[in-house]
Amino acid sequence: MKFYNTLTKSKDEFIPLEEGKVRMYVCGPTVYNLIHIGNARPMIVFDTLRRYMEYKGYEVNYVSNFTDVDDKIINAAIEEGVDAETISTRYIAECKKDMEEMNILPATVHPQATKEIDGMIRMISTLIDKGYAYDVNGTVYFRTRRFDEYGKLSHKNLDDLRSGNRDIKVTGEEQKEDPLDFVLWKPKKEGEPFWESPWSEGRPGWHIECSVMAGKYLGDEIDIHGGGEDLIFPHHENEIAQSECCNGVPFARYWLHNAFLRVNNEKMSKSLGNFFTVRDICNEYSGQILRFFTLSAHYRSPLNFSREIMESSANSLERILTAAERLKDLLAKLEGDMKEEEKAKLAELTSFRTEFENAMDDDINTADAVSAVFKLVKFANVEVNGDSSKEFAEKVMKELEELCGILGIKTERKAEILDSEIEEMIAQRQAARKERNFALADEIRDKLAGMGIILEDTREGVKWKRA
Ligand code: AMP
Ligand code: ZN
């Protein structure tokens, strides 16, 4: 397996630190809102990588965090008049629902920053003791000049960055020794969540959380670190600085970064306001279609979102599902062992798997892996029919299921929900509301939403429609 490694700027052969095992960390979302389909891209890509490595026999320890302490969460809390934890707890739960909808497996661990503060304080203390960090009036900064290799991931010219940064010093950070020094700990502001520390009552900076969580759950040295390309600098550069200065060993061997999902050739982001939530897109199409759309491009190529491409992804996925359905119907009728002429086709049948694996081994080329699946679909449509043996049809079906499974694509169509079932669930929701069990009522509404059923509360009662 080869990966394009941002650190070396080349496609490097994957050699795990420990044979048969993979330690992988992927930066997760900041939970102040529903996630958008751009955030879904790294989740889908790295879930697919994890599935593929498991298929190849690796034991994968996959850690992906939730950033649950951050200015955006605090602002959302102030706006709603609730505490920050209410916001983060809510959106972690919502994110998990979205993940399930996109058939993203839960990570081995999903640590939360607020539950790892002790570890962060310990790491910051070590960095101060070793001379890599300093405290000024309760704010602790990392001393970038002390780390000779600072900049090795982003391949940036640091002197240019330094001179550029000098003019745009943020108020309150004049006390930094160097414009590139970054915050490890900052004192609380009025009304913000805070923790006790040797330096001030305050909270950690963003970068330290990933260094600490990766170290705690995976060890000081890890195999793969992933995330979107916007994180290369400063976030991942800073993670390297913190971890390597604290632990004295190289942090991650392979740094993988996905390109951005775009709309009208602009990056999709919450700050630009040009985003679509995973929830809306799953309701309009489905989590499977969104996943298929994401994997139809190589993860390092920018991917443009449009309804036309979503429609064409829906049609492509439909072709796979139709082929699988046809095979299943045939399987119910077919009998017998493989015939001689079918045995002669086995080499062609296994060639699709080889092509699939070659594509995935070449820097996770899911676009080519998907093409291999389509070749298999065509083969299935042409070579399996009412005259085939059961054994042969089963073999073809197994290939299709397995390759689709690695991509997280289910070959079973989602069961159609009957009108009577919907109405029964709506009645249960009404009953829950009457009992003021709003949590249950919301759960039922979300479950219906997950099945593509949209509810509207009107004066005449609850109306519903299929998305
Ligand atoms: P955030 O919640 O902003 O910290 O982002 C969570 C993850 O989503 C990070 O790995 C980001 O790099 C990634 N990400 C955010 N926006 C996009 C986008 N438009 N396309 C691809 N990845 C994105
Ligand atoms: Zn991170």
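Predicted model: local features only at pLDDT ≥ 70, side-chain atom pairs only at ≥ 80, totals over all residues.
A salt bridge is a side-chain nitrogen of Lys or Arg within 4 Å of a carboxyl oxygen of Asp or Glu.

**Entry 1**

I began with K375 and E355. Their side chains form a salt bridge, with N and O 2.8 Å apart. K375 belongs to helix α13, residues 366-383, and E355 to helix α12, residues 346-361. The two residues are 20 apart in the chain, and the pair links distant parts of it. I then checked how open each one is. K375 has a relative accessible area of 40%, so I noted K375 as partly exposed. E355, at 27%, is partly exposed too.

**Entry 1: a pair that reaches further along the chain**

Which residue forms a salt bridge with E94? I found R279, and the closest N and O atoms are 2.8 Å apart. Are E94 and R279 buried or exposed? Buried means under 20% relative accessible area. E94 has 15%, so E94 is buried. R279 has 17%, so R279 is buried as well.

**Entry 2: a network**

I next looked up D446 and R445. Their side chains meet in a salt bridge with an N to O distance of 3.4 Å. D446 is buried at 16% relative accessibility, while R445 is partly exposed at 34%. Salt bridges link E94, K97, D98, R279, D442, R445 and D446 in a network. For the total, I wrote down 39 salt bridges.

I turned to the strands. Strands of a sheet pair through backbone hydrogen bonds, either parallel or antiparallel. In one open sheet I read 4 strands in the order β5-β6-β7-β8, with antiparallel pairing. Which strands stand at the edges of this sheet? They are β5 (133-136) and β8 (202-204). Each has a single partner strand, so one side of each has no neighbour in the sheet. From one strand to the next, the twist averages 20°.

I also looked at one pairing in this sheet. Strand β7, residues 182-187, runs antiparallel to β8 and is joined to it by 3 bridges. W185 stands opposite P204, which is in β8. Helix α4 (residues 117-129) packs on the sheet and touches β5, β6 (139-142), β7 and β8. The direction of α4 makes about 120° with that of β7.

F3 and N5 are on its covered face, and K2 and Y4 are on its uncovered one. β1 pairs with strand β2 (residues 10-13) in the antiparallel sense, over 4 bridges. N5 is opposite S10 of β2. The hairpin of β1 and β2 has 4 residues between the strands, and in it K9 takes a positive phi near 60°.

**Entry 3: a parallel pair**

Do strands β9 and β10 pair in the parallel or the antiparallel sense? I found the parallel sense: strand β9 (residues 222-228) and β10 pair over 6 bridges. H225 has W255 in β10 as its bridge partner. Strand β10, residues 252-258, is mostly covered, with 6 of its 7 residues buried.

**Entry 4: the whole protein**

I ended with the overall figures. The protein has 16 helices and 15 strands. For 467 residues, a compact globule would have a radius of gyration near 23 Å, and the 25 Å of the protein agrees with that. The C-alpha atoms fill a box of roughly 80 × 60 × 35 Å along the principal axes. Of the 467 residues, 52% count as buried. I noted an accessible surface of about 21900 Å², with 47% of it belonging to carbon and sulfur atoms. Among contacts between residues at least 6 apart in sequence, 76% join residues at least 24 apart.

Technical notes: Residues numbered from 1 in each chain as written. Chains lettered and ligands numbered in written order. Heavy atoms only, no water. Buried < 20%, exposed > 50% of the residue type's maximum accessible area, 1.4 Å probe, protein only. Pairing = 2+ DSSP bridges. Axes fitted to C-alpha atoms, helices over the stretch in contact; angles between N-to-C directions. Contact = heavy atoms within 4.5 Å. Rg over C-alpha atoms; globule rule 2.2 N^0.38 Å. Areas by Shrake-Rupley, 256 points an atom, 1.4 Å probe, with all protein chains shown as cover.
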